[in-house]
Amino acid sequence: KAEAKTATGIFLPDSAKQVPNWAKVLAVGPGRRTKDGDLVPMGVKVGDTIVIPEYGGMTLQFDNEEFHVYRDEECLGIVKDE
């Protein structure tokens, strides 16, 4: 069995390997405001598939369905179809 090893030679157990979490964007807000009051638009749009951190965000429950809410800065990337 092959073990994961970092570039510096540290062996990682299976429990330390992170699997990316992908999510589909269902809704977005208008963006955030800077200190000067300027609007910074969201970096994602409805329908995007994004990579999110394993921990973070907020969990909300509506009609027995669980939703996860993340700030734009917490999104790690957007998965593009080619």
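**Confidence, pocket and one aspartate**

What you see here is a predicted model, and across the protein chain the pLDDT averages 83, with 79% of the residues scoring at least 70. Confidence is lowest in strand S1, residues 4-5, where the mean is 64, and highest in S5, where it is 94. Where pLDDT is low, the predicted coordinates should not be read in detail.

Let me go on to the largest pocket, which holds about 490 Å³ of space and is lined by 23 residues, with Leu26, Ala27, His68, Val69 and Tyr70 lying nearest its centre. Two or more lining residues come from each of strand S3 (21-24), S6, strand S7 (58-62) and strand S8 (65-69), and S8 provides the largest share, namely four residues.

Now to the side chain I mentioned: is aspartate 48 buried or exposed? Aspartate 48 sits in the loop between strand S5 (39-40) and strand S6 (49-52), and it counts as buried because its relative accessible area is 10%, which falls under the 20% cut-off. A polar atom of the aspartate 48 side chain lies 2.9 Å from the backbone nitrogen of lysine 45. If we leave aside the neighbours within four places in sequence, the residues in contact with aspartate 48 are Ala23, Lys24, Val25 and Ile78.

Methods. Residues numbered from 1 in each chain as written. Predicted model: local features only at pLDDT ≥ 70, side-chain atom pairs only at ≥ 80, totals over all residues. Heavy atoms only, no water. Buried < 20%, exposed > 50% of the residue type's maximum accessible area, 1.4 Å probe, protein only. Polar contact = N/O pair within 3.5 Å; in protein donor to acceptor, adjacent residues only side chain to side chain. Contact = heavy atoms within 4.5 Å. 1 Å grid on protein atoms, 1.4 Å probe; cavity = no way out; pocket = protein on both sides within 12 Å on 5 of 7 lines; lining within 4 Å. Points joined across faces, edges and corners; volume = space filled by probe spheres on them. pLDDT = per-residue confidence, 0-100.
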